[in-house]
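The text begins with strand pairing and then turns to the ligand, the helices and the chain as a whole.

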Amino acid sequence: MESYLKDEAYFEHISRKASTTLMYYENKLIAYFTLHRLPIEFEEAGTAPRDALDLARLAVAKEFQQLGIGTYIISHLRYLAYSINERYLTTEALYEKWKWYARRGFRYIFDGDIDPNSTEGFVSMVMDLFDEELLEDYFEV
Ligand SMILES: CC(C)(COP(=O)(O)OP(=O)(O)OC[C@H]1O[C@@H](n2cnc3c(N)ncnc32)[C@H](O)[C@@H]1OP(=O)(O)O)[C@@H](O)C(=O)NCCC(=O)NCCS
C-alpha cells in the first residue's frame, strides 16, 4: 500500500494527472483510491471512444476488509460521478474481483475477458449512469 502511495500516487496527484484519496481511522491509513480520466472503447461497432472517470486503484487494509468500506467507496464514486454529470465509471478489475464490482453496479465490457477456466488477468468494467427513462420522459412531455 505505502510504496505505491509514496513512489507514484503522490507525484501523480500533485501533477494533477490522477487524484488519490486516503481514508483514515484513528490516525491509521485504512483505504485509498485513485481516479483519473481515461478513454473507453466499446465492442459495439461504430461507438466512438470517449472519456470516463476511471478507478485506477482501490485498496482497503487487510484488517479492515469485509466491513463494507470498499462498498462505501464505490457508492462515493457514484456520487462523485453524478455530481460532475459523468456518464461512465470504469475500472480494470483483477479477475478474482470482477464479480465484487458486478455486485456493485459495474458490468464487464468485453465477453472475452470472462473465462470461466481462469482466475487470473484483468476484466475491463464499466458502470453506465445513463438513465434512459429520463430521456424518454423528456421527449414525451
Ligand atoms: C476489493 C476490496 C477493495 C474490497 O474491499 P472491502 O472493504 O473488503 O469490501 P466490502 O467490505 O465492501 O465487501 C466485501 C464483502 O464484505 C461483506 N460485507 C460485510 N459487511 C458489509 C457491509 N456493511 N456493507 C457491504 N458489504 C459488507 C460483503 O458480503 C462483501 O462481499 P460480497 O460482495 O461478496 O457480498 C479489498 O478486498 C481490497 O482492497 N483488496 C486488495 C486490493 C484489491 O484487490 N483491489 C481491487 C483491485 S481490482
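In β4 (88-94), T90 is the bridge partner of D54. Helices (H or I, at least four residues) and strands (E, at least two) are DSSP runs, numbered from the N terminus. The chain crosses from β3 through α2 to β4, and this β-α-β crossover is right-handed; that is, with the strands pointing away from the viewer, the path from the first strand over the helix to the second runs clockwise.

The model is a predicted one: local features need pLDDT of at least 70, side-chain atom pairs count only at pLDDT 80 or more, and totals for chains, interfaces and linings use all residues. Residues are numbered from 1 along each chain as its sequence is written.

| Strands | Sense | Bridges |
|---|---|---|
| β2 (residues 28-40) and β3 | antiparallel | ten bridges |
| β3 and β4 | parallel | three bridges |

Within β3, L55 is the bridge partner of L35.

The ligand is surrounded by 15 residues, and the closest are Q65, G68, I69, G70 and T71. A residue is near a molecule if its C-beta atom, placed from the backbone, lies within 6 Å of it. Two or more residues of this shell come from each of β3 (50-60), α2 (69-83) and β4 (88-94). By class, the shell has eight nonpolar, five polar and two charged residues. Here Ala, Val, Leu, Ile, Met, Phe, Trp, Tyr, Cys and Pro count as nonpolar, Asp, Glu, Lys and Arg as charged, and the others, Gly among them, as polar.

Helix α2 also contains R78. R78 is partly exposed, with 16 other C-beta atoms within 10 Å; a residue is buried at 20 or more such atoms, exposed at 12 or fewer, and partly exposed in between, with C-beta atoms placed from the backbone. The C-alpha atoms of R78 and Y88 are separated by 9.5 Å, and the two residues are ten apart along the chain.

Helix α1 (residues 2-14) has 13 residues. Of these 13 residues, one is buried, so α1 lies largely in the open. Just after α1, R16 takes a positive phi of about 60°.

Overall, the chain has four helices and six strands, in the order α-β-β-β-α-β-α-β-β-α. Of its 141 residues, 17% count as buried.

Technical notes. Two strands pair if DSSP finds at least two bridges between them. The expected span of a helix is 1.5 Å times one less than its number of residues.
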